[in-house]
Amino acid sequence: MRRRRVRAWIVMALLATGWPGRADAYIHLGISNGPNSTPIKWTAVPVRWFVNDGSAPGVSASQLQSELAQAFATWEAVPTAAIAFQFVGFTSAMPSEDDGLSVLGFQSAPEMDRVLGATSFTVDTSSGSILESDVFFNSIFLWSVSATGDSGRFDLRSVATHEIGHFLGLGHSALGETEMRPEGGRRVLGSGAVMFPISLGRGVVADRVLQPDDIAGASDLYPDGDFKTTTGIITGHVRLNGAAVKGAHVVAFNPRTGVLIGNFSGSDGTFRIGGLVAGPYVLRVEPLDDADIDSFFDAADVNVNFQVTFHDKLVVAPAGGASASIDVAVRAK
Amino acid sequence: MSERASNRGHVPAVRVCVLSVAFVAIAVGVGGAQTPSTLPGRLRVGAGVGWLAGAEIAAQPADLRSASGSSYRLFQSETELVATPTFDARIGFALTRRYEVEGRAAINRPELRTVVSSDAEATGSFTITENIDEYVFDGGIVVHLNELKAIGLVPFAMGGAGYIRRLHDRQSLVEEGHLYYVGGGVTRALFARSQGFVRGASVRADLRLNVFSTELDDDSHLQGSASGVFIVAF
């Protein structure tokens, strides 16, 4: 068994993740094995988790545990995903320790002044099995456990729900729109996923609730029941002047339900969007320009020099299968 | 993909298309004859062509969650089935001079069209399409209003229900649904006789209002149709 420590971040406004693996296999985190990518996931369930017994200003360890339990329950409640968690107890072990325990807790990281929280893993790099995952919440920020939010504090459960998405093995979603702040950093205009890498901001509790993109990602990684036979996949290539486009954000939009689910094209321009309710979809391809690219990819060759493009045909996601490969030609800016 | 020069106007939630049919009945000097369809106990077989009106399927925004609690619109979409020719075959059986039961199989190839507009990052609107194969099997009752016959035309009313089967992307997806319809029209006899294998022939024009729903959404949709049919009675 080859063990490796890897890390993913959630950021407040500007910074992005440093994810050393590949993110081009759906929105799952993956381990690069030569040219291939192996999604990482838990294989032993229920996943046992501990809470560090430290506190942060205004939030006790027991309040932290309560918020985490509700965030875990949110992911457990996805009807099309089979994942279960078990709270074991409080511990003095820190989230950053490679000790075989999956620990979540507060930790002060003043050097990460734009990082609200981070998730790290120990994985079996041959199989992709997650052996341990730790989550820390940066205690340099003020946190809230208020049911309706506190305008001066970040909602702990919202950020926990995001980090637990990483804990499951999900990467960041690019389903969101941002604008640059005059003082630097980005402001989120809209977010289509809890797994969008930038927080909606202080006082906002909206990300306690999963969106279709999150549900599709979790279900695709931990499929339950008839999920695989009742949902479909859209696959294809993104090309610019005939050349593969890496890092294009491809979104499938269901025009009957309004559901949006996205993914990225890989280094060869291919993309795969799974977990789609069977039906025809609109495909929208956009450059990855609403968050720092390294929120999603570790490579610098992501192409963002093309226009937002709609594929000219509705693309059908068949139940239990995949579409024929779709070629989407984008135009340069 | 085509970029439209201007944004579409608002499409009403329910569109009822009123179609007119250019239908010429061939008068063959049997104005006073009994129409074949009103001969009780006779089987009738017909074939027709017509026009299936468009139908609004959905008007859905692509909305994102915003910090304020309201939504941020990524783009707007409007989806419709575009009007298309329809071809059908029918079989009927006259129970009495007034009442007839009728079954129909129709083949259509409508375009499913989504127009995307008001994109947050792209100007103009975009038309995105798919051609689907649609098969409709329905049946109902036809009530011939013989007492209202005028200038050789016998009006009728009809109603019934049926099954819709749509094939997307060369059958990679089968969409099933059901429909109900009401309508009416006129029948004109071409000839009628009391002996022989073929007992008569007639032509007919009808207008229908269909209400359909399928498994891909929970909504009911209105769609008009018009057709002309050539009928032979045996």
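Residues are numbered from 1 along each chain as its sequence is written, and chains are lettered from A and ligands numbered from 1 in the order in which they are written. Because the model is predicted, local features need pLDDT of at least 70 and side-chain atom pairs count only at pLDDT 80 or more, while totals for chains, interfaces and linings use all residues.

**Confidence**

The model scores are ipTM 0.89 and pTM 0.86. Chain B has a mean pLDDT of 85, where pLDDT is the predictor's confidence in each residue, from 0 to 100. In chain B, 83% of the residues reach 70 or more. Confidence within chain B is highest in β7(B), at 97, and lowest in strand β1 (residues 2-4) of chain B, at a mean of 35. The pLDDT is below 50 over residues 1-33 of chain B. Beyond near neighbours in sequence, this stretch has 57 contacts in the model; two residues are in contact if their C-beta atoms, placed from the backbone, lie within 7 Å.

**Chain A and strand β18**

Chain A has 21 strands and 4 helices. Helices (H or I, at least four residues) and strands (E, at least two) are DSSP runs, numbered from the N terminus. Of the 333 residues in chain A, 55% are buried. A residue is buried if 20 or more other C-beta atoms lie within 10 Å of its own, exposed if 12 or fewer, and partly exposed in between, with C-beta atoms placed from the backbone. Among contacts in chain A with a separation of 6 or more, 69% are between residues 24 or more positions apart.

Strand β18 (residues 279-286) of chain A is mostly covered, with 8 of its 8 residues buried. Its pairings are listed below; two strands pair if DSSP finds at least two bridges between them.

| Partner of β18(A) | Bridges | Direction |
|---|---|---|
| β15(A), residues 249-253 | 5 bridges | antiparallel |
| β20(A), residues 315-317 | 3 bridges | antiparallel |
| β19(A), residues 309-310 | 2 bridges | antiparallel |

A:L283 in β18(A) is the bridge partner of A:A252. A:G279 has A:A317 in β20(A) as its bridge partner, and A:R284 stands opposite A:F310 in β19(A).

**Backbone exceptions**

Most residues other than glycine have a negative phi, and most peptide bonds are trans. A cis peptide bond, with omega about 0°, joins A:V45 and A:P46. A:P46 is in the loop between β3 (36-39) and β4 (47-52) of chain A.

A:N241, a residue other than glycine, has a positive phi near 50°. A:N241 lies in the loop between β13 (231-240) and β14 (243-244) of chain A, and counts as exposed because it has 10 C-beta neighbours inside 10 Å. In chain B, B:I151 has a positive phi of about 40° although it is not a glycine. B:I151 is in the loop between β9 (133-144) and β10 (153-168) of chain B, and is exposed, with 9 other C-beta atoms within 10 Å.

**Contact between the chains**

The contact takes 33 residues from chain A and 32 residues from chain B. On the side of chain B that touches chain A, the elements that give two or more residues are β3 (55-65), β4 (71-81), β7 (111-117) and β8 (125-131) of chain B. β3(B) supplies the largest share of that side, 8 residues. The residues of this side of chain B divide into 17 nonpolar, 8 polar and 7 charged. Here Ala, Val, Leu, Ile, Met, Phe, Trp, Tyr, Cys and Pro count as nonpolar, Asp, Glu, Lys and Arg as charged, and the others, Gly among them, as polar.
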